[in-house]
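Here are my notes on the model you sent. They go from the whole chain to one residue.

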Amino acid sequence: MSALEAQIAASGEAPLTTALDFTLPASSTAIVDRKQHCRAYPTSASTLTYNGTRTVRIRLGGDDFVDPTSVRLMFTLENLDQGTKTLKPLGGPWCCWAQVFERSGGVEITNLPQYGRFHEQFGWKHLTRLEQFGEPAITGFHSSVVASDKNFQPSVLDIPSGGKIQVMTKLYTSLLSQSKYLPLRYMPIEYEFFLAAPEDWLDLSDADHNSNAYAVSDVQILYDASVLDSAVQDSFYSSLLRNAVLSMPILNVYQVVQPVSGSTFSFTTTRAFSRLAQLWISYRAPNAARATSFICPGTLPGCAGNTHVSNTATPSFRLAIGPHNWPNPQPTSVFNGSELFYQFQKTLGHVPNINRQMFQDNCFTVVFDLRKNVQDITSCLSTRTGDLCRIDCFNMSNLQAGAEIYLTMVSFGIVACRESGVSLLT
């Protein structure tokens, strides 16, 4: 017997292969009594305009357990122009929100000051092709017809003058991106949304034909609420009353934005995290829409507004935390962005619906993955020791005055639900 055969024999035989296992799955009917489709309405004004009321608040409460994967934000977008001008969004319906807060029991869980850009990047551009065409969040806002689109992506629909369209979208917040049910009795959740400026997400390049007046109305949150069996529910609540803790692992997001110019640039941040997982860097062109502009700040082939190709002016990036550099020892720099695109896909863990041309034109993102073991989110890097976090950017020949750099820091945290309230551990 060879060494390989001996190793196989020592591992033993499986009792049954999956195809021959006819055992029925265990029933959960004794745990979940019923599920009901619910909706929550604003506690404030429900019709918003940029020149009027810009804030809407919605509260989720009650005695049920909410499935976070079922939560959707639904609202109506209206073109207020009564002439002939068309409302032309540059991104999905999520781009109309400038800032989103998520709070529970008075504790701020999520604060995204550039929510439209964050969602466009992480909740749309980073999806696979199947997810982009199949995600219910694009229902009513994107067309599936891409005959003239070489990138094979759903195209954004325009809204004619006086027209309305009802849209629906996921919410990419910390509590809704984890898998645990949310016990609303002990952690009621409040969402607060701020409307974005027209120039942040609309095409205003043709003032004679493009509208800049819009309204958002009929805002509501849809979700599935599970009513647990009374014995199971009483067991949960009894445990909480005995000082038990319901721990929910989350990924938290912190964003920094500042103007830049010049071919070489460095900036620092002193934000401390117990477990810093990833850092994402993106750039916005001067006067471009904040929610949808992701330019490459160098002379890579295909970069927007740049026709010159130079082998010596490829942008490169380096992260320094205290005395340590990532990547070590050299910056990430390969002509054509091969290494940047490779690092991007490796960190995502899947293949997004982004080709190399799109990555260089308007999907450009630099990422530093700080997980020591990609399978273990708790293996992230600690920045609690007071080390300064510095980003060095080189050879950014495509940046002009007025351009902006966005740094998104993703960290691992825990939301702890107790009978006395909710706390956030970061």
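1. Accessible areas come from the Shrake-Rupley method with a 1.4 Å probe, and for residues only the protein chains shown count as cover. On that basis the chain exposes about 20,100 Å², of which carbon and sulfur atoms supply 51%.

2. This is a predicted model, in which local features need pLDDT of at least 70 and side-chain atom pairs count only at pLDDT 80 or more, while totals for chains, interfaces and linings use all residues. Residues are numbered from 1 along each chain as its sequence is written, and side-chain values use heavy atoms, with hydrogens and water left out.

3. The chain has six helices and 22 strands, taken as DSSP runs (helices H or I, at least four residues; strands E, at least two) numbered from the N terminus.

4. Along its principal axes the C-alpha trace spans about 70 × 65 × 50 Å. Of the 426 residues, 47% count as buried (under 20% relative accessible area, with a 1.4 Å probe and protein chains only).

5. Contact means heavy atoms within 4.5 Å. Among contacts in the chain with a separation of 6 or more, 78% are between residues 24 or more positions apart.

6. N210 sits in the loop between β12 (189–195) and β13 (214–228). N210 counts as buried because its relative accessibility is 6%. A polar atom of the N210 side chain lies 3.0 Å from the backbone oxygen of D203. Leaving aside neighbours within four places in sequence, N210 is in contact with K85, T86, K88, D203, L204 and S205.

How values were computed
Buried < 20%, exposed > 50% of the residue type's maximum accessible area, 1.4 Å probe, protein only. Polar contact = N/O pair within 3.5 Å; in protein donor to acceptor, adjacent residues only side chain to side chain.
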